[in-house]
Number of protein chains: 4
Amino acid sequence: MSIRLIDGFATTAALAEVFSDAEILRAMLRFEVALAAAQARLKMIPQSAAAQICKIQSIEASSLAEDARASATLAVPFVKALAERVREIDPGAAAFVHWGATSQDLLDTALILLLRNAREILSEDHARLSRQLRELSDRHAHSLMLARTLLQPAPPTTFGYKVAGWFGAVERSWQRWSHAFDEALQLQFGGAAGTLASYAGRGPELAREISKELHLADPRAPWHAHRDRLASLVAQCGVYSGALAKIARDIALLMQHEIGELSEPGGESSAMPNKRNPSGCVVALAAAAHVPAFVAAFLSAMPQEHERAAGGWQSEWPTIAGAIQATGSALAAIADTIGRLTVDPVRMLVNIEATHGAVFAEKAAMLVGNAAVKEALKEKTLRAALAPLLTPEQLDNIDHPEDYLGAAEFFRCRLLEN
Amino acid sequence: MSIRLIDGFATTAALAEVFSDAEILRAMLRFEVALAAAQARLKMIPQSAAAQICKIQSIEASSLAEDARASATLAVPFVKALAERVREIDPGAAAFVHWGATSQDLLDTALILLLRNAREILSEDHARLSRQLRELSDRHAHSLMLARTLLQPAPPTTFGYKVAGWFGAVERSWQRWSHAFDEALQLQFGGAAGTLASYAGRGPELAREISKELHLADPRAPWHAHRDRLASLVAQCGVYSGALAKIARDIALLMQHEIGELSEPGGESSAMPNKRNPSGCVVALAAAAHVPAFVAAFLSAMPQEHERAAGGWQSEWPTIAGAIQATGSALAAIADTIGRLTVDPVRMLVNIEATHGAVFAEKAAMLVGNAAVKEALKEKTLRAALAPLLTPEQLDNIDHPEDYLGAAEFFRCRLLEN
Amino acid sequence: MSIRLIDGFATTAALAEVFSDAEILRAMLRFEVALAAAQARLKMIPQSAAAQICKIQSIEASSLAEDARASATLAVPFVKALAERVREIDPGAAAFVHWGATSQDLLDTALILLLRNAREILSEDHARLSRQLRELSDRHAHSLMLARTLLQPAPPTTFGYKVAGWFGAVERSWQRWSHAFDEALQLQFGGAAGTLASYAGRGPELAREISKELHLADPRAPWHAHRDRLASLVAQCGVYSGALAKIARDIALLMQHEIGELSEPGGESSAMPNKRNPSGCVVALAAAAHVPAFVAAFLSAMPQEHERAAGGWQSEWPTIAGAIQATGSALAAIADTIGRLTVDPVRMLVNIEATHGAVFAEKAAMLVGNAAVKEALKEKTLRAALAPLLTPEQLDNIDHPEDYLGAAEFFRCRLLEN
Amino acid sequence: MSIRLIDGFATTAALAEVFSDAEILRAMLRFEVALAAAQARLKMIPQSAAAQICKIQSIEASSLAEDARASATLAVPFVKALAERVREIDPGAAAFVHWGATSQDLLDTALILLLRNAREILSEDHARLSRQLRELSDRHAHSLMLARTLLQPAPPTTFGYKVAGWFGAVERSWQRWSHAFDEALQLQFGGAAGTLASYAGRGPELAREISKELHLADPRAPWHAHRDRLASLVAQCGVYSGALAKIARDIALLMQHEIGELSEPGGESSAMPNKRNPSGCVVALAAAAHVPAFVAAFLSAMPQEHERAAGGWQSEWPTIAGAIQATGSALAAIADTIGRLTVDPVRMLVNIEATHGAVFAEKAAMLVGNAAVKEALKEKTLRAALAPLLTPEQLDNIDHPEDYLGAAEFFRCRLLEN
């Protein structure tokens, strides 16, 4: 499946595929098959009925989405379609389709299966990004550059330390996100009222069997209207994509023609043959821009009424799929960008020099006081201004960036230890 | 094109079609054709080249979306594909494709054309909803029911007045939204830098011609990085969908089994044969739940850098299409629901009576004071409590809802005058 | 009242004052006084009672906010406090305090009065900003500078045209916002159920009198749970602040040391004596960053239950006051910044020249084709690259920015006509 | 400090105090004092200078907030004020105020200290809520009630299980939030460029000393523009408050007059003496409504430029303080509400019976099939409808709620094990 044009940069082909009609239907069918298989194993339904249900290989999307509007749940037309398919091969077996389960069991578990698929893609891309950032940081451990605060020059740092900062944020955010996945990837199974009453006392036993069947964790209890695990997963999309967007913002700024410290192969312009746009960064920024809103939408939908919500729950699929896809798109774009980044350490030095020592004013202030430096800088370059105030040796070293790096390398290493 | 399953209730088939690949490509092609036709008319490009360009009937989506990631704009692969198609029939004409224009001219104008298409659908559904609300209000001008504040019974009102309140909010919100459409549906045409320099002094003249060609307003100036008109349009989606969601919330609450004043045909449950769910309301609430987040995402993307943004602009398509579709989905659901609503005026009266007069406490308080009523109500029903305090005539009328409607009908009529 | 430190840059002293306890209590008292005065004039309550109520000059905040939590409405402790104050001077008059009105009438109307006060401040600041932008644009009608797209150099424009673009967006957004104020500044008056039943048939007449008393428009009907007018007002805060933030973003970028085309007096750094930070822009960006979220919060609270919400309505005050104050803070910061902006037209030219003609590649492409230019630029500067392809005259003019401005001045003037 | 009226229900008195001017200034002073003390201990500054700095007991807010606008940071006027205070007692010591540190070190660390204070309050309220929910669940382990899905009756459950579901979500969300606090409560200390260059090689050693002084964790490295830890903390406010709002929504719905299963002491109405409003729930819903927007605002501000942001960072204080306070307000309201909740088990049974057995349709369907039940229910009550289809014993038990609870008690106990 390819990306829809209207989705712009909010997904990738791989993630669009994860949430495609075919994959959704596959996941839904997988739940129903696991349910029937488990029920047969526990002798709750006839082995033969389960066998027929398990034979169904696929369900057609046809008009399911439109039909879902009538009952406010995709589960109703899906189960109907599945039962019809089973009925064609064995009328008696059809009655055992979705036996004793509820819409939300089917839809939530299907969603969990899709999220597990998505996680694999994200995990690979994160590993790639993580490795590349580490290498880039090591490679430029001693590439001197301006730190910049409020978009103005500040004392020097190293590009390696800057990259280690990116790495640290991305790595920590991944750990949190990954933990949120661990917590969220659980079976949903509670029946109509969350009590599994339709299975008399055997509900929990059945839940365990289905969990095994699907290789999913069996939760302490059904979580129908309690969406905190998914909410946390979506929220961590927001944190992770924020960390990615910071990288994209930094790179795009350093690619400005007047700064020129970084470049990515970048993209063409339809009008200007000269342009080398920060395409990867733009894609990442465009993708990441969606995520905070998805997080807010998911959180706003959390106060779900009683045992199954009237609206909040039904709003979740586009939100969670949107958050995952947009984050994954930003991730892929940044991983691609870092992998192809060109660094210009000479230009970095030139930009330090172009401040005429002003960025060492802090260093000077530590020696002779803030007021004196400020006064001195009013009319002259730092070196000229400080000549009367410093010893010759101090003066000689005052604007050597390599002598004013503090603990940059120490911090860089600690960040990479992560 | 049918609705994707993952979109849930966030769109309708008709609106999904508006933003489909086919329609996007059609709109983009329409811009390029209008550009060429206008340029030929003004003798800026050869008539023959324009004729060839205008012959192209369609462009294939194929891998355009994936290719767009490389250059961070769909325009680049699209223009390339179009030029190739033209080159096949006339190599010389290919150079005049997209002649002097920029990505943003193409993409923004295409978006505007799509929004115009969407507006027609929304407009029809709004007209339907508006008419139905008016009729429903008139029909129930004298159906007495409890007002409810903080989900507790309050003095009586009429269902007709309640519906008129819905009507008023929806109608006002539509007026604003419609005005925002009027303002936003403008040609985008500024060239690489927003100056139309590639056309020497003839840019504005060309812009006028293209506007005519596309039946779009010609803006005072290109609006590349100035997104306020679109922002206002998206924001009004939020206001309109909020007004719709209020209706859905009210109806779903009045459909509660214990209240039972309204019902919609509603949907089945996959587990419970007895259920009659408020499906239309659920769909509307689920759809409307997306819109505030889309509004925030669009507004957050407004600080677009210089003459074309690096990220903010490129994030807009899914946001604006999402806002329009979700609002349109809520609209369609509410229009359907209102059209099929069953009202139970008897149950409404029963629910008033079930308060044992307590909702007339305000009326009593106007006669004998707040403190006295509060004291009296501690042990008895209102009527018993007030017996010692009122004249027999006052007492007799104290709990007749039809005598305590104030200006309900007056206000109802004024709201419908809108 | 001064700004609280925790509010950071999200308000100004003047706007913090508008929403101070003192002003809120004044507005609430004003409603109650207007109510009593109007009721006395219509002989609904004794003239003497009204006279006593109107004598109360102020109510103490004391523990009102804490007390409000018990009843979920500030109106209850406020009315109690007012009644006690009246009782002290005339026990009989106390019973006529808030006579027949409801919490929401009091609180919504007080909010409207505060918004009217805020509007005056905003209006003045907007007028100042608008005038300054116009002047700045005129002054720099012919200051050549790079347009920049995706943060990369694009063909030249003028600073005057750039400023006119800012002006256009801000001016249009103000018109919308101002219109939203016009629409929203209405009396709220509906009584317990929105029917004004406590006044028998005389509710609308009384509403008219109160409106006159407060110089507010009298709405068609009470709007208790219909928040679309306020929602639109808050949404327009989002659009207007987005337009402001775009200006701040542009200026902060142009103030980068390596670009150096603009500067504002800026702020000191606590560590670096050399720094000249883009303080005004930072304040504006920090302030504007809050507004999209406030808009989403307000829109999310719109589905308010029945005749008075249980939660949504009660959430509005901090949201709407936050949106107004943050927008006003960004406005004040930008107005201050524009008023003190230093423009460096020489540096603007230097930055054009530093592209070595590359930004005229589009111009060249219009003459000799995209592919030829791209090929030529691979190894040489534009001028050298094009030497074999152009006539001497064409070549001579190829990189004169003043010859490649297209309709910049034409568009600039049209934007200022607004 | 009392709650400001405009803040409505978005904070509590205790939390407002945490973020008051006095507490902010105290935290800022505490950082400067810890810095000086640590520097003296490491012999970086004279012991006598540190002693003078440590003598300062407080700084006046006066015009600090207004002054902060000029430099876009509160740190500048604060450090100036502190230095002036020190200068008054010892001119030589003043130069050592804030020695070598940067604005962000001061402001971020002060924020962390405030968050630690807030956490204590939240922690106590959570413990109270948690204990109360557990007790309430145990007390009503066998109180039968309707489950409700899509606001319609579903098969029975127990109130104890319902409460255990609330408990589970709140408890899990607290664990996550608490973990996020653990992670976020770290010293910020990096100096102008994040390298601590002003302390030559001794920065990390100094950081360790300051951490000890403040009883804060020492981070691996300064985290100036990397806000993921705080972002995660704010995001978890969203998840936790969502879990609270779900409880409030459920209770408010169950308090509806027509349902009447729960009640809280609730609040008065200013107009209606009979009203018993769900005040605690309303306060909680109003408070929680703010949090998703704060989360989105924080996440949107994450792409912070280079080593210190121009806007994003400066926007954080109101956002994070807002999120913490609103969540804490919802928490306090729910804890109060649960503590005073009245449960009516008889009414719960009455409401089950009022469905005339319809909620046992699922049970019947498990015995005789979905279609048969649906058909049967068209004209009769469940019992009558099923008479021809079931054995006498089955029929006798068909609508006993206590026989159709499935694993409710099993799940309840597992949720409480947490």
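A residue is called buried when its relative accessible area is under 20%, exposed when over 50%, and partly exposed in between (1.4 Å probe, protein chains only). By this rule Asn351(B) is buried, because its relative accessible area is 6%. The structure is a predicted model, in which local features need pLDDT of at least 70 and side-chain atom pairs count only at pLDDT 80 or more, while totals for chains, interfaces and linings use all residues. Residues are numbered from 1 along each chain as its sequence is written, chains are lettered from A and ligands numbered from 1 in the order in which they are written, and side-chain values use heavy atoms, with hydrogens and water left out.

Asn351(B) lies in helix 14 (residues 345–353) of chain B. Helices (H or I, at least four residues) and strands (E, at least two) are DSSP runs, numbered from the N terminus. Neighbours within four places in sequence aside, Asn351(B) is in contact with Leu146(B), Arg148(B), Glu258(B), Ile259(B), Glu261(B) and Glu258(D). Contact here means heavy atoms within 4.5 Å.

Helix 4 (residues 64–71) of chain A has Leu64(A), Ala65(A), Ala68(A), Arg69(A) and Ser71(A) buried. Its buried residues pack against helix 2 (21–41) and helix 5 (75–89) of chain A. They also pack against helix 11 (279–288) and helix 13 (316–339) of chain B.

In chain D, strand 1 (residues 144–149) is largely enclosed by the rest of the structure, because six of its six residues are buried. Strand 1 of chain D pairs with strand 2 (residues 152–158) of chain D in the antiparallel sense, over six bridges. Pairing requires at least two DSSP bridges between the strands. Leu146(D) stands opposite Pro156(D) of strand 2. The hairpin of these strands has two residues between them, and Leu150(D) takes a positive phi near 50°.

Aromatic pairs over all chains number 48. Rings of Phe, Tyr and Trp (its six-membered ring) pair if their centres lie within 6.5 Å; planes under 30 degrees apart count as stacked, over 60 as edge-to-face and the rest as tilted. Phe159(A) and Trp166(A) form an edge-to-face pair, at 6.0 Å centre to centre and 85° between the planes. Both Phe159(A) and Trp166(A) are buried. Phe31(A), Phe96(A), Trp99(A), Phe189(A) and Tyr199(A) form one aromatic cluster.

Chains D and A each give 82 residues to their contact. The area buried between them is about 7,000 Å², with 62% from carbon and sulfur atoms. Buried area is the accessible area (1.4 Å probe) that two parts lose on being put together, summed over both. A salt bridge is a side-chain nitrogen of Lys or Arg within 4 Å of a carboxyl oxygen of Asp or Glu. Arg249(D) forms one with Glu305(A), the closest N and O atoms being 3.1 Å apart. Helix 10 (228–254) of chain D gives the most to the side that touches chain A, with 16 residues.

Chains C and D each give 63 residues to their contact. About 5,100 Å² is buried between chain C and chain D, 65% of it from carbon and sulfur atoms. Two salt bridges are counted between chain C and chain D. Asp7(C) forms a salt bridge with Arg4(D), the closest N and O atoms being 3.8 Å apart.
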